[in-house]
Amino acid sequence: MSILLRLGCFSVLVLMLAACNEREGAETIASAERAVEVPDNFLRYLNDQQGAVLSTDWSAAYYRAVDPISNRTTLQDWKAANQFGQCDEEVHVVFRDAKDLGYGRNMRGCRHADGRVAIFVDNYVVRVQPSDPSNYGPINVEAAISEDRHHKQGTNAIEFTPIDPTDPDSDKVAKFFTFDQNGLRSVQADLDGRGNKPMPQPCLLCHGATLAAWDSAAIVASLAPWAEPGVEETLKSAKLNLLELESFDYSPYVSRYSRSQQEEPLRLLNRFILDTYQQSAARPLADPGHWSADFAVEVASKRYLDQPELLGQVYQDDSVPCGWRVNPSIDADCVGSVDLPSEPRQEGVDLLYKRVVEPNCIGCHSVRGSSAGERQGGDGNAINFSNYEKFIGYSDLIVDYVYHRGVMPLSLRNYEKFWADRCDGAPALLASFLPEFDRYDEQACVITPGLPVAKPGASRPVDTPVLLDASGSLFARDFQWQVLSLADPSAVVSLSSPSSSVTQFDASHEGDYVLRLTVSNLRGSHSEDVTLTVDNSLSPAPSQLTFADHVLPVLRDISYPGRVQRCTDCHSATAQLGGAYAGIPVVYDVDATVYAEVIERVDLDDPENSLLLRKPTRDQHGGGMLIDRSSADGMALYQMLINWIRNGADCGADPLICG
């Protein structure tokens, strides 16, 4: 392209930016924006009981924990606290993050000799039309280059600094800050055109953090908030994400901000981030949620031709980790890898990685999980997706989260890109690896999320009358319950509200009753059956189940039937002190906190999706499968836990446990 043509194109972009400035000045965007016609599931915490985590109270407590002396309440103060201008290494890049939020990003990074790292990014969005996806298009990188304040969305900042500000030798942790257009720290922001969300929780979700449902008021009032219960785990579990160069758009008009001209500064930023991984991995194993950085380090090194320090190499777009190669045993760079399969994997797993997993999953998942499960071998800590076997072990959840719920990929632009081609693109390729996948339309294309999914609850013993709650059904507008079979031909049954999500079922005889729930919306309908075994002699009755009397023994009693071992064999303060179980982020042996730990892992809206049930019933649990539902005792235990949750997950009356 000639110089004159490049200048002409750039001039057009400048005029477009100016026109957008005028339009924004003439409109009240907030009142005019139209609703986006898909569920607002993006960047949300999936198991947030009563909104304890996604709240501005939580945000205020987080900022108190990471800034207890209040010297980071503005962007300028944050830069001063992190000594920008006095860095041992400083980097500046501009690009558009085409995969994540579509912003033009003007990013600066700082690294100090003592290992402190700080990175901030000014985000730019040119609003072409209210709530229009084109708002997040390529023009945003030009706004970022020109630093046009009319289009500045705000600033995100991350620092890797000591957890205890009074002790420079304390462990460094990643701390996240959100600043508005005027540089003032904010507890909420509109990231994707869908309205404000509490901040920085959405950032933490994609940066590997475990978000504890802590006591926000106690943290705000504390003189040492970083030491309050739940805070250390949250702070130490967050990481910086590696920059994926192939997922960015670069300016075609300003050569300084082309990819080739920014390859070196982007490499330096990735080296800063890799350094934080190595510092985090060096923490004691007993630290809460201790993270194994091995896979994230491997991803980084493969992208730079196996140079762990990222020195003197160009980013490799086509790199594939050893755990995702068809036959890594024949590759010299995979010698000694823990991810070598006993025989070659099925054809196409490397393609699955490059077209689906890397662009949609690895950025977040490679920094998740704890090292405790991974040290047990097998599928433990599978959430980091370090190999094909770990990833495909979650086939059922992949179908549920990606194709049923539509909550993965997690961010909005990523979600849109994933679903851009449902016939031959990423959704179809991923589906081809999922056993018994059946969500295809008449053109053999994968069906997008939005079809209703009926969730009547698990089959279980009940006493009558029993309240049936299907409000966890997905995308359901209309409900219909019906009784398909009776325990006895003479049995009399009733459903109080057969066309509601919640209905009361009663029956005159004990025995098995098969009920069908059908849910529908404008796109279609779906039915699911559930078997209720009426037994009015159950002791205790499902409605009388309490945590203190009936669930806690499952966690602690060595002789409890239906469970391979007690949970506290691993999930205890003693087990955290050292050895194979050190660093497990949950403890069930402290009376004052055990109920809070458990209730964080309970999903009252969709009980069967509770971590308390999902973890011990699958191989991906770090301790292996502890509740085997193929055995009578295992199924009875599972059903007891389901009944406890479905009856409100009551704690009980024990003052030591329930307060």
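Helices here are DSSP runs of H or I with at least four residues, strands are runs of E with at least two, and both are numbered from the N terminus. With that convention, Pro 409 lies in the loop between helix 14 and helix 15 (412-418).

Before I continue, a word on the source. This is a predicted model, in which local features need pLDDT of at least 70 and side-chain atom pairs count only at pLDDT 80 or more, while totals for chains, interfaces and linings use all residues. Residues are numbered from 1 along each chain as its sequence is written, and side-chain values use heavy atoms, with hydrogens and water left out.

Let me turn to the domains. The protein chain is divided into domain 1 (1-37 + 450-536), domain 2 (56-281), domain 3 (294-431) and domain 4 (542-658); these bounds come from an automatic or database domain assignment.

As for polar features, six residue pairs, both residues at pLDDT 80 or more, are in polar contact between domain 3 and domain 4. A polar contact is a pair of N or O atoms within 3.5 Å; within protein, one must be able to donate a hydrogen and the other to accept it, and residues adjacent in sequence count only if both atoms are side-chain atoms. Two salt bridges are found across the interface, each a side-chain nitrogen of Lys or Arg within 4 Å of a carboxyl oxygen of Asp or Glu. The side chains of Arg 405 and Asp 606 form a salt bridge at 2.6 Å, N to O.

Next, helix 17. Is this helix enclosed or exposed? Seven of the ten residues of helix 17 (residues 547-556) are buried, so the helix is largely enclosed by the rest of the structure. Buried means under 20% relative accessible area, exposed over 50%, and partly exposed in between, with a 1.4 Å probe and protein chains only. Among the buried residues are Phe 547, His 550 and Leu 555. The buried residues of helix 17 pack against helix 18 (591-599), helix 20 (632-646) and helix 21 (655-658). At the start of helix 17, a side-chain oxygen of Thr 546 comes within 3.1 Å of the backbone nitrogen of Asp 549.

I close with backbone geometry. Most residues other than glycine have a negative phi, and most peptide bonds are trans. A further cis peptide bond joins Met 199 and Pro 200, with omega about 10°; Pro 200 sits in the loop between strand 7 (197-198) and helix 6 (201-206).

Glu 436 has a positive phi of about 55° and is exposed, with a relative accessible area of 81%. Ala 649 also has a positive phi, near 55°, but is buried, with a relative accessible area of 0%. Ala 649 lies in the loop between helix 20 and helix 21.

Technical notes: Contact = heavy atoms within 4.5 Å.
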